[in-house]
Amino acid sequence: MSDAPRPAFLKGHGTENDFVIVPDPDGRLELSPAAVARICDRRAGIGGDGLIRVVRSSAHPEARGMADEAEWFMDYRNSDGSVAEMCGNGVRVFARYLQRAGLVEPGDLAVATRAGVRRVHIAKDGPGGADGPGGAITVGMGKALLPEPGPGGPVTVTVGEHSWPARHVDMGNPHAVAFVDDLAQAGRLLDAPAVTPRSAYPHGTNVEFVVDRGPRHVAMRVHERGSGETRSCGTGACAVMVAAARRDGAEPAVDGRPVTYTVDVPGGRLVISELPDGTVEMTGPAVIVAEGELDPDWLDTALG
Ligand SMILES: N[C@@H](CCC[C@H](N)C(=O)O)C(=O)O
């Protein structure tokens, strides 16, 4: 056994979108894409849809400019080791970690992400039960952008024999939202859906399939860029909410009233509102389930 430092980790989830959290306040850890993929491996590693490194903004070159506004930076990586701009469930789990570590109190805080600063509210009292201790966490997700189709034409999503038109929604990271008749039919999601035109998404995209459940109530499945099918995706649920609101003719910026949808994901339920100022707010659970230490010998051996 080596004397190398044994980095701490925690495991958490938000509506079963699960993450390995690695506290690294001073930004000392080198986590290569291969190391992230190894840690997120569900059989040979700890397992997770993504890895969240918790770094002081002042200690991370991508976040220094946000350090006056937000003390902490969410360095988010997908399970294949690729970097993502933003993770909506991840930011709630990040806030829960800060609360549990005694670094913040319930109430308001700001978190720096690659998509900019996100405002978070940790409710004081929690429901307990399956969602674990601690109140629900609300995140201000910023404004959704809905780019018009480019010269390549409208976006289409294809799985096997089936194709659907999709809405391009940007929540700081990219999404293609397709309304379908049947989530099971759309849902051979272990194979990545094909999205065209490729020019719409130069850096790849997350794909959401959506069905209606009732008035302002939808259900979705998601195939995440860099992670495959997951049980939830917060930015994806927000993209779905905004696409559904536009389809239903609900425009909070015009009507002057918030519009709220319930979005069911395979791992739970999220409540999402678009506010009159055009920003989107998402509320849901965030749970820490375990903590431990990474074995540096395993990481070294695993990476060869
Ligand atoms: N699960 C996330 C999104 C994670 C990043 C995504 N896979 C991407 O590459 O954009 C969420 O909850 O938003």
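The structure is a predicted model, in which local features need pLDDT of at least 70 and side-chain atom pairs count only at pLDDT 80 or more, while totals for chains, interfaces and linings use all residues. Residues are numbered from 1 along each chain as its sequence is written.

The protein chain is divided into domain 1 (8-136 + 287-303) and domain 2 (155-284), with bounds that come from an automatic or database domain assignment. The centres of the two domains, taken over C-alpha atoms, are separated by 23 Å. Across the boundary, 20 residues of domain 1 are in contact with 21 residues of domain 2; two residues are in contact if their C-beta atoms, placed from the backbone, lie within 7 Å. On the side of domain 1 that touches domain 2, α2 gives the most, with three residues. Helices (H or I, at least four residues) and strands (E, at least two) are DSSP runs, numbered from the N terminus. Sorted by class, that side of domain 1 has five nonpolar, 10 polar and five charged residues. Here Ala, Val, Leu, Ile, Met, Phe, Trp, Tyr, Cys and Pro count as nonpolar, Asp, Glu, Lys and Arg as charged, and the others, Gly among them, as polar.

The unreviewed UniProt entry places the feature "active site" at C87 and C233. Although they are spread over 147 residues of sequence, they cluster in space, the largest C-alpha distance being 7.6 Å. UniProt positions are given in the numbering used here, feature names are shortened, and annotations may be inferred rather than shown by experiment.

C87 lies in the loop between β4 (72-78) and α2 (88-100). C87 counts as buried because it has 29 C-beta neighbours inside 10 Å; a residue is buried if 20 or more other C-beta atoms lie within 10 Å of its own, exposed if 12 or fewer, and partly exposed in between, with C-beta atoms placed from the backbone. Not counting residues up to four places away in sequence, C87 touches G50, Y76, G234 and T235. C233, for its part, is found in the loop between β14 (228-230) and α4 (234-247). C233 is also buried, with 35 other C-beta atoms within 10 Å. With residues up to four places away in sequence again left out, C233 touches N17, N89, N206, V222 and E224.

The unreviewed UniProt entry places the feature "binding site" at ten positions, namely N17, N78, G88, N89, N173, N206, E224, R225, G234 and T235. One of them, N89, lies in helix α2 and is buried, with 35 C-beta neighbours inside 10 Å. Residues up to four places away in sequence aside, N89 touches G14, T15, N17, S232, C233 and G234. Another, N78, sits in strand β4 and counts as buried with 25 C-beta neighbours inside 10 Å. Leaving aside neighbours within four places in sequence, N78 is in contact with G50, A84, E224, R225, G226 and S227.

Of its 14 residues, 12 are buried, so α4 is mostly covered. The buried residues include G234 and T235. After α4 comes G249, whose phi is positive, near 75°.
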